[in-house]
Structures are given as structure tokens and as C-alpha cells.
Amino acid sequence: MNQKIIEVIFGSADKMKIIRMFVFNPEKMFDLKTVVSRTFIKKSRAAKEIKNLEKIGLVRHKGTNFGLDETFMYLSSLEEFLSKTNPRGEDIADKMKKTGK
């Protein structure tokens, strides 16, 4: 449920996958091919979303690689928000509740 709300707020599941990839890997730079393979998003869609994220200052590029711009003014708030709404964490918590029953 939380994931669906987040996708609506942020615009799309594709955009959220890309944002999460950059935010949770702040020290890494990715080329477009790697973004596509890690997020399972079509190349044209990934390129469009990265361009939009670059326009607002969340993503920067160096040559053909892209990475998180750690000077983004809302980065700490975004990191905190995403860590609290991490769908993988929810899945793990749900599975843990069922263990031992």
C-alpha cells in the first residue's frame, strides 16, 4: 500500500526505481545501460526520467555516467523518507512476522 502511494506522489513506479537506485548508491556512477538493467525500465523512459532528475539537481552526469548529486538541497529528507518507505524492508518485516508460527 505504501509503495503505491509513493508512486502516485512521485509520479511513476519507473521514476521511483531510478530515484531509489541513485539515493541508495550515492557513491556510484551508472551508465544508461546499467540503469536500464537494474531497474527493468525501457531505455527511452529511463533516459527521460534521468534527464528530468538532472534538471531538478538530484542527478548529475559525468561523461556518459550518472550519479547522485550529493548537494541536492532535499537529499537528507529524501533519504530518510525512502528508507522509511523501503518496500523491501516491508516485505522482510512481513515475512519475519510469519516465522515461527
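Tutor: First, a definition. Axes are lines fitted to C-alpha atoms, for helices over the stretch in contact, and angles run from 0 to 180 degrees between N-to-C directions. Two packed helices are described by the angle between their axes and the distance between the axes. Keep in mind that this is a predicted model.

Now the pair. Helix α2 covers residues 13-23, and helix α5 covers residues 75-84. They pack at an angle of about 110°, and their axes are 11 Å apart. Angles of 65 to 115 degrees count as roughly perpendicular, so α2 is roughly perpendicular to α5.

Next, the side of each helix that takes part. From α2 come M16, I19, R20 and V23. They meet L75, L78, E79 and L82 of α5. By class, six residues of this contact are nonpolar, two are charged and none is polar.

Look next at the loop between α1 (2-10) and α2, where S12 lies. S12 has a relative accessibility of 13%. Buried means under 20%, so S12 counts as buried. A polar atom of the S12 side chain lies 3.0 Å from the backbone nitrogen of K15.

Finally, the strands. β2 (residues 59-62) and β3 (residues 65-68) run antiparallel, joined by four bridges. One of the paired residues is V59, whose bridge partner in β3 is L68. Two residues sit between the strands of this hairpin, and G63 takes a positive phi near 65°.

Methods
Residues are numbered from 1 along each chain as its sequence is written. This is a predicted model: local features need pLDDT of at least 70, side-chain atom pairs count only at pLDDT 80 or more; totals for chains, interfaces and linings use all residues. Side-chain values use heavy atoms; hydrogens and water are left out. Angles under 35 degrees count as roughly parallel, over 145 as roughly antiparallel, 65 to 115 as roughly perpendicular and the rest as oblique. Contact means heavy atoms within 4.5 Å. Ala, Val, Leu, Ile, Met, Phe, Trp, Tyr, Cys and Pro count as nonpolar, Asp, Glu, Lys and Arg as charged, and the others, Gly among them, as polar. Two strands pair if DSSP finds at least two bridges between them. Buried means under 20% relative accessible area, exposed over 50%, partly exposed in between (1.4 Å probe, protein chains only). A polar contact is a pair of N or O atoms within 3.5 Å; within protein, one must be able to donate a hydrogen and the other to accept it, and residues adjacent in sequence count only if both atoms are side-chain atoms.
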